Amino acid sequence: MKERELRQREIRALIRTFAIKKQADLVERLQEKGLDCTQATISRDINDMGLKKLPGGGYVLAEDLHLQRMVRDLVISITTTGNLLLVKAQAGTAPGVAAALDDAKLADVLGSVSGDDTILVVCGDEETARALNETLGMYQGG
């Protein structure tokens, strides 16, 4: 894996895990993980990845905001069985929701298959499926 891809994957994980408010915080956390980078490099990554800064000052991934809106507005129910999620959406909207899930590049989510109003999401394991169900459920409620 290229250094840039690895760094951006780590940035994605850090943004989803911690309240990152400054580029310097990202540099520090990446260096703790053994990735040598500068604030200028992180600034380019932020632009490349389309990170947004929330009014409260923290960074968020644009694809997470998009996914959150899609789930909130279009998803009817979410059921987990094993490492699979079955997502029911409003008629005709499942392909868009599935695309938003895929675009989010969530860790250990292997992919999704969509019909007109149903999405099957395949996760790497049961724990990931349960965590995703919980996350999407939070999006649904708010």
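This is a predicted model: local features need pLDDT of at least 70, side-chain atom pairs count only at pLDDT 80 or more; totals for chains, interfaces and linings use all residues.
Two residues are in contact when heavy atoms of each lie within 4.5 Å.

Glu-10 has its place in helix α1. When neighbours within four places in sequence are left aside, Glu-10 is in contact with Leu-30, Lys-33 and Leu-35. Buried means under 20% relative accessible area, and Glu-10 counts as buried because its relative accessibility is 19%.

The length of α1 agrees with expectation, because 15 residues at 1.5 Å a residue should span 21 Å and the end C-alpha atoms are 21 Å apart.

Helix α2 packs with α1 at an angle of about 115 degrees, and the two axes are 11 Å apart. The two helices are therefore roughly perpendicular to each other, and their crossing is right-handed. On the α1 side, the residues that meet α2 are Arg-7, Glu-10, Ile-11, Leu-14 and Ile-15; on the α2 side, they are Leu-26, Arg-29 and Leu-30.

**Helix α4 and its buried face**

Helix α4 covers residues 62-74, which makes 13 residues. From its first C-alpha to its last, α4 reaches 18 Å, close to the expected 18 Å. Which residues of α4 are buried? They are Glu-63, Asp-64, Leu-67, Met-70, Val-71 and Leu-74. Seen down the axis of α4, these buried residues fall within an arc of 130 degrees, so they line one face of the helix.

The buried residues of α4 pack against several elements, namely α1 (3-17), α3 (39-49), β3 (75-81), β4 (84-89), α5 (94-103) and α6 (126-141).

**Where α4 meets α6**

The axes of α4 and α6 come within 7 Å and cross at roughly 70 degrees. That angle makes α4 roughly perpendicular to α6, and the crossing is right-handed. Asp-64, Leu-67, Gln-68, Val-71 and Arg-72 of α4 meet Leu-136, Tyr-139 and Gln-140 of α6.

| Helix pair | Axes | Angle |
|---|---|---|
| α1 and α2 | 11 Å apart | about 115 degrees |
| α4 and α6 | within 7 Å | roughly 70 degrees |

**Two residues of α6**

Gln-140 lies in helix α6. Is Gln-140 buried or partly exposed? Gln-140 is partly exposed, with a relative accessible area of 27%. Not counting residues up to four places away in sequence, Gln-140 touches Val-71, Arg-72, Val-75, Ile-76, Ser-77 and Ile-78. Gln-140 and Leu-74 are 66 residues apart in sequence, and their C-alpha atoms are 8.6 Å apart in space.

Thr-128 is also found in helix α6. Thr-128 is buried, with a relative accessible area of 13%. With residues up to four places away in sequence not counted, Thr-128 touches Ala-107, Asp-108, Val-109 and Cys-123.

Technical notes. Residues are numbered from 1 along each chain as its sequence is written. Side-chain values use heavy atoms; hydrogens and water are left out. Helices (H or I, at least four residues) and strands (E, at least two) are DSSP runs, numbered from the N terminus. The expected span of a helix is 1.5 Å times one less than its number of residues. Buried means under 20% relative accessible area, exposed over 50%, partly exposed in between (1.4 Å probe, protein chains only). The arc is that of the directions from the helix axis to the C-beta atoms. Axes are lines fitted to C-alpha atoms, for helices over the stretch in contact, and angles run from 0 to 180 degrees between N-to-C directions. Angles under 35 degrees count as roughly parallel, over 145 as roughly antiparallel, 65 to 115 as roughly perpendicular and the rest as oblique. A crossing is left-handed if the near helix is turned anticlockwise from the far one by less than a right angle, and right-handed if clockwise.
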